[in-house]
Amino acid sequence: MAIWDDVIGSVDRSSFAKGYSADQYVGFGERPAVLVVDMARAFVEDAYPTGNSRLARPAVAAIARLLAAAREAQVPVLYTTYSAREFAFGWARWKGSALSDPLMHRETAFEITPELAPRPDERVIVKTMPSGFFGTPLASLLTFLGVDTCIVTGMVTSGCVRATVVDAFSHNYRVVVPEECVADRGELSHKVNLFDIHMKYGDVRPLADVLEYLARTPAGAPAAR
C-alpha cells in the first residue's frame with residue numbers, strides 16, 4: 001500500500017491512470033548526489049513558526065541513515081537553506097506572518113539541524129526561493145560532479161522539496177525521493193505531493209531501496225565543493 005492510498009481516491013487515481021502509471025519508474029542512474037533541502041532549525045523545531053518537530057524528527061533520523069550510506073559510498077551531499085539576512089531584503093512575496101517573528105531574523109534559525117550537520121567538504125547553498133536550483137549554482141555544481149541522479153530529501157514536501165524536484169526534473173536529472181526522508185507541516189499535503197511527484201516527475205521509493213542502491217554504487221564520486 002502506497003503512503004497516499006488513504007487520501008487519493010479511486011476516481012482521481014483512474015484519472016491519472018489514463019496517462020500515468022504508479023508502477024512506472026525512472027530508475028537510478030550511475031552518478032547520484034544527495035540533496036538535503038532546508039533541514040534547518042526553523043523547520044525542524046517547534047519553537048519556530050515554520051517548524052513541526054512531530055513530523056520533522058522521523059525524517060531527520062531517516063536522512064541521517066541515508067547520509068551515512070552516501071558518505072560511505074563517497075556520493076556527493078549538498079545542502080540548501082535560507083538566510084535571515086536575505087529574508088530581510090524581502091526577496092519574495094511570502095504569505096503569512098512567519099517572517100515577522102523575531103526568531104526568523106536570527107541566522108541560527110537557518111542552521112542545519114545538528115543531527116545532519118554538513119561535513120567541511122559538503123557545500124551548503126543559500127537560496128532565496130523554494131527551489132534549490134532557482135538563482136543558485138546548484139545545477140552547475142551537479143554538472144561539475146557528473147551527477148545524473150538527484151536523491152532529494154528534506155522539508156517541506158509540498159514546498160521547497162517539490163520545487164526542487166520539479167527543477168531537477170526540468171534539468172533532466174533522474175529524481176528519487178526516499179519516502180521516509182521528506183516531511184511537511186501537514187500529512188495531507190505531504191501525501192498528495194508525494195503522489196503527484198511519483199506520478200509525473202520522479203520515483204518515490206522506500207528508504208530501504210535507496211540504501212540498497214547506494215550500497216552497490218561504485219565509490220569514488222568527487223566530493224562536493
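1. Let's start with Ala 61, which sits in helix α3. Helices here are DSSP runs of H or I with at least four residues, strands are E runs of at least two, and both are numbered from the N terminus. Keep in mind that this is a predicted model, where local features need pLDDT of at least 70, side-chain atom pairs count only at pLDDT 80 or more, and totals for chains, interfaces and linings use all residues. Residues are numbered from 1 along each chain as its sequence is written, and side-chain values use heavy atoms, with hydrogens and water left out.

2. Met 199 belongs to α7, where it is among the buried residues, along with others including His 190, Leu 194 and Phe 195. What covers the buried residues of α7? The cover includes α1 (10-17), α6 (157-170), β5 (174-178), β6 (182-183) and β7 (203-205).

3. A quick check on α7 (residues 187-200): with 14 residues at 1.5 Å a residue, the helix should span 20 Å, and its end C-alpha atoms are 20 Å apart, so the two agree. The expected span is 1.5 Å times one less than the number of residues.

4. The largest pocket holds about 290 Å³ of space. Its lining has 16 residues, and the closest to the centre are Phe 43, Thr 50, Trp 94, Ala 98 and Arg 185. By class, that lining has ten nonpolar, four polar and two charged residues.

5. The second largest pocket has a volume of about 200 Å³. Of its 13 lining residues, Leu 55, Pro 58, Val 182, Ala 183 and His 190 are the closest to its centre. The elements giving two or more residues to this lining are α3 (53-72), β6 and α7.

6. Finally, the cysteines: the structure holds zero disulfides (a disulfide is a pair of cysteine sulfur atoms within 2.5 Å). Cys 160 is buried at 9% relative accessible area, and Cys 181 is buried at 0%.

Terms used
Buried < 20%, exposed > 50% of the residue type's maximum accessible area, 1.4 Å probe, protein only. Contact = heavy atoms within 4.5 Å. 1 Å grid on protein atoms, 1.4 Å probe; cavity = no way out; pocket = protein on both sides within 12 Å on 5 of 7 lines; lining within 4 Å. Points joined across faces, edges and corners; volume = space filled by probe spheres on them. Nonpolar A, V, L, I, M, F, W, Y, C, P; charged D, E, K, R; others polar.
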